[in-house]
Amino acid sequence: MRFGLALAFGALLPLSLAPFDLWPLGAVSVAGWFYLLYREPSRCWLLGWFYGVGKYAVGASWIYVSINRFGNAPPPLAAFLVVLFVAGLALFPLLNAWLFQRLRNGRPLADGLLFTTLLVGFEWLLTWVLTGFPWLFVGYAHLDTVLGNLAPLGSVLLVSFALTLSAVMLVVVFLTADVRIRSTAVLLAVLPWLAGWVGGLPVWVEDSARREVALIQGNVDQASKWLPESRGPIYRRYLRLTEGHWDADLVIWPEAAITFMAHEATQILGQLDTKGETNGSALVLGLPALEQVPHGDVVFRNTAVALGVGSGRYVKRRLVPFGEYVPLEDLLRGLIEFFDLPMSRSEPGSWHQPLLDIGGPRAAMAICYEVVYPGLVREQARQSDVLLTISNDTWFGRSFGPLQHQQMARMRALENGRWMLRGTNNGVTAIIDHTGQVRASLPRFQEGALRGEFALMTGLTPFARFGQAPVLGLLLAMLGVLVYRRFRSSVPATAGA
């Protein structure tokens, strides 16, 4: 029964996120998980694993589409690989629950604080361990609630902390009869919402100028995108969709908009450069590159270039496991087509790269998967006037994966106080303002051009200035105090309040 409940509570969390946006279910999810761990201290680790299975089986189910449809794995094999993926990711909640069991002192208030600290700490671990998979964070559900105002202060992690603390403290109220502890728990449950309201009062950034942008959505079928005979038609499609929009200050084509390798596209890039220069427009587009690296191998690189009145080149820094590189390559390469996708031998770019010049203003670039990493985006965002992200989410078909992806891009705009211009192959192409609100977007699975205005911003949010250090410092301080009190106390770990 308890393992079934853990599974169910885990499955609720993704329903709080895009495209469902039922944010109270996120509170129910973490509150229910805490209650189970507190009431069932034995085999906590297994409760954590079941919670993780529910969370990722629902929230990351879209991975099946890319393995089955584009990796050409038969349904049983694709399902088996997804099961392995989900079971592996569920090890993080397992370790979270195991640590909770080891460090708890059996007092509901202290254990509630410990649970909150560990949950957010493990979200942070997912931003870098084994290159990370920072998906399905609790805080993403609160872009449109008052808790979202905390994102410019401490990123999505601070929002996750606020929601988890609030939800868990409501559980603590029902776990104790002590009036003093209950009062403290109620105060701690309300405090994050008050902090969110206060956090929305300061103005961290300002609008310095306005520009016009045209984002081109080609809606190119992934099944034919990389065929040699498709290269010319795809290029002509983007030219056709851009006609009438060369007068915009900025034109954006998505990730790998043209599928000629960079060394094969010299003439095309020259023509586009001249076209943009003549019209006074900057064009930013994605294209793959084959390059020889110092150790002698020829590798793929996923790049973006700025042409016309713009200039600069960006090489993707954070690669997608299996899509752009294959872990355990010697064992997996060649087993199925999914492990040999066209760009699965990519090489990352340098961590520190210059910003793109888009005709004077400076733009921070994130290609596809990179936009889900708060620290990576911040590294360039704090020097920029605007954020750009280009993507090709066609790999995930009509699943809700691309909508989760867009939600995370919205959070990056809010955290850094910068407009985000999101150009995609088949959606969601959008203009997002510095508060994370979508100002305009194109329907998915349609070709078209999104024309609109965006602002260049000045000033820095506290997150852009200090990064995640304050949040991590808070977590470490709380954990240190709780652990000290746990081992100093003579109360057995199973005792109640």
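**View 1. The lining of the second largest cavity.** In this predicted model, Arg-317, Ala-364, Met-365, Ala-366, Val-371, Leu-376, Val-377, Gln-380, Leu-387, Leu-388 and Met-420 line the second largest cavity. Here a cavity is a set of points on a 1 Å grid over the protein atoms alone where a 1.4 Å probe fits but cannot get out, and lining residues have an atom within 4 Å of a point. Its volume is about 50 Å³, taken as the space filled by probe spheres set on the points. Strand E7 (362–367), helix H14 (374–381) and strand E8 (386–391) each give at least two lining residues; helices (H or I, at least four residues) and strands (E, at least two) are DSSP runs, numbered from the N terminus.

**View 2. The largest cavity.** Of the three cavities of 30 Å³ or more found in the whole structure, the largest has a volume of about 130 Å³. Among its 13 lining residues, Trp-33, Lys-55, Asn-96, Leu-119 and Glu-123 lie nearest the centre. Helices H3 (44–59), H6 (91–103) and H7 (108–125) each supply at least two residues of this lining.

**View 3. Helix H2 against helix H6.** Let's turn to a helix pair. H2 (residues 24–39) packs with H6 at an angle of about 45 degrees, their axes 10 Å apart; axes are lines fitted to C-alpha atoms over the stretch in contact, and angles run from 0 to 180 degrees between N-to-C directions. On the H2 side, Trp-33, Phe-34, Leu-37 and Tyr-38 meet Pro-93, Asn-96, Ala-97 and Phe-100 of H6, contact meaning heavy atoms within 4.5 Å.

**Notes.** Residues are numbered from 1 along each chain as its sequence is written, and side-chain values use heavy atoms, with hydrogens and water left out. Local features need pLDDT of at least 70 and side-chain atom pairs count only at pLDDT 80 or more, while totals for chains, interfaces and linings use all residues.

Methods:
1 Å grid on protein atoms, 1.4 Å probe; cavity = no way out; pocket = protein on both sides within 12 Å on 5 of 7 lines; lining within 4 Å.
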